[in-house]
Amino acid sequence: MKKSKWVPVKSVMRTNVAFVDGRLSVLEALRVMKKEKVTSLIVNRRFDTDEYGMLLFSDIAEQVIAENRAPDRVHVFEIMSKPVISVRPEMDIRYCARLFGRFGISHAPVIEDDKVIGLVSYYLLVLEGMLALG
């Protein structure tokens with residue numbers, strides 16, 4: 001049986017990551033998403049020992065649209081995920097996919113030296129990771 005060479009997360013991650021403050025309204029966050037052409041945002045830490053947060057399109061759909069809340073009256077910190085599970089850039093994409101499945105997540109920031117350097121998702125793991133193999 002031939003052993004496949006799998007790729008690290010850093011080879012498939014998206015590096016154009018948008019950061020926002022948790023005090024922004026969801027409406028302002030949506031404007032950032034549209035401008036940056038992203039479907040997820042990293043929420044900045046408030047201080048050095050704080051943790052990063054993350055806001056996904058699905059959070060907005062489930063907690064703002066479905067609940068009939070006004071996006072200009074809901075703050076990012078009210079609906080974001082925090083703390084978030086992060087991955088290392090050297091992690092094998094197979095382990096990243098397993099991690100996503102075990103914890104029921106679809107996105108994770110890629111952190112190196114305590115800084116977010118990218119974002120990885122199931123979409124990128126499958127599309128970029130599998131195409132890199134063959």
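A pocket, as I use the word here, is an open set of grid points with protein on both sides within 12 Å along at least five of seven lines. I keep this entry to one predicted model.

Entry 1, the pocket. I looked up the largest pocket and found about 180 Å³ of space in it. Its lining consists of Asp21, Gly22, Arg23, Val43, Asn44, Arg45, Arg46, Phe77, Met80 and Lys82. I sorted the lining by class and got 5 charged, 3 nonpolar and 2 polar residues.

Side chains of opposite charge can pair when their charged atoms come close. I searched the whole structure and found 7 salt bridges. I followed up those below.

I find a salt bridge between Asp21 and Arg23, with 3.0 Å between the closest N and O atoms. How accessible are the partners? Asp21 counts as partly exposed because its relative accessibility is 33%. Arg23 has 63% and therefore counts as exposed.

I then checked where the two sit. Asp114 is in the loop between strand E4 (107-112) and strand E5 (115-121), and Arg45 is in the loop between strand E2 (40-43) and strand E3 (53-56), so the pair ties together parts 69 residues apart in sequence. Asp114 has 46% relative accessibility and counts as partly exposed. Arg45, at 19% relative accessible area, is buried; the cut-off for buried is under 20%.

Which parts does the pair tie together? Asp50 lies in the loop between E2 and E3, while Lys82 lies in the loop between helix H3 (76-79) and helix H4 (93-103), so the link joins parts that are 32 residues apart in sequence. Asp50 is buried, with 9% relative accessible area. For Lys82 I have 32%, which makes this residue partly exposed.

I asked which residues are linked to Asp50 and Lys82 in a network of salt bridges.

Note on methods: Residues are numbered from 1 along each chain as its sequence is written. This is a predicted model: local features need pLDDT of at least 70, side-chain atom pairs count only at pLDDT 80 or more; totals for chains, interfaces and linings use all residues. Side-chain values use heavy atoms; hydrogens and water are left out. A salt bridge is a side-chain nitrogen of Lys or Arg within 4 Å of a carboxyl oxygen of Asp or Glu. Buried means under 20% relative accessible area, exposed over 50%, partly exposed in between (1.4 Å probe, protein chains only). Helices (H or I, at least four residues) and strands (E, at least two) are DSSP runs, numbered from the N terminus. On a 1 Å grid over the protein atoms alone, a cavity is a set of points where a 1.4 Å probe fits but cannot get out, and a pocket is an open set with protein on both sides within 12 Å along at least five of seven lines; lining residues have an atom within 4 Å of a point. Grid points are joined across faces, edges and corners, and a volume is the space filled by probe spheres set on the points. Ala, Val, Leu, Ile, Met, Phe, Trp, Tyr, Cys and Pro count as nonpolar, Asp, Glu, Lys and Arg as charged, and the others, Gly among them, as polar.
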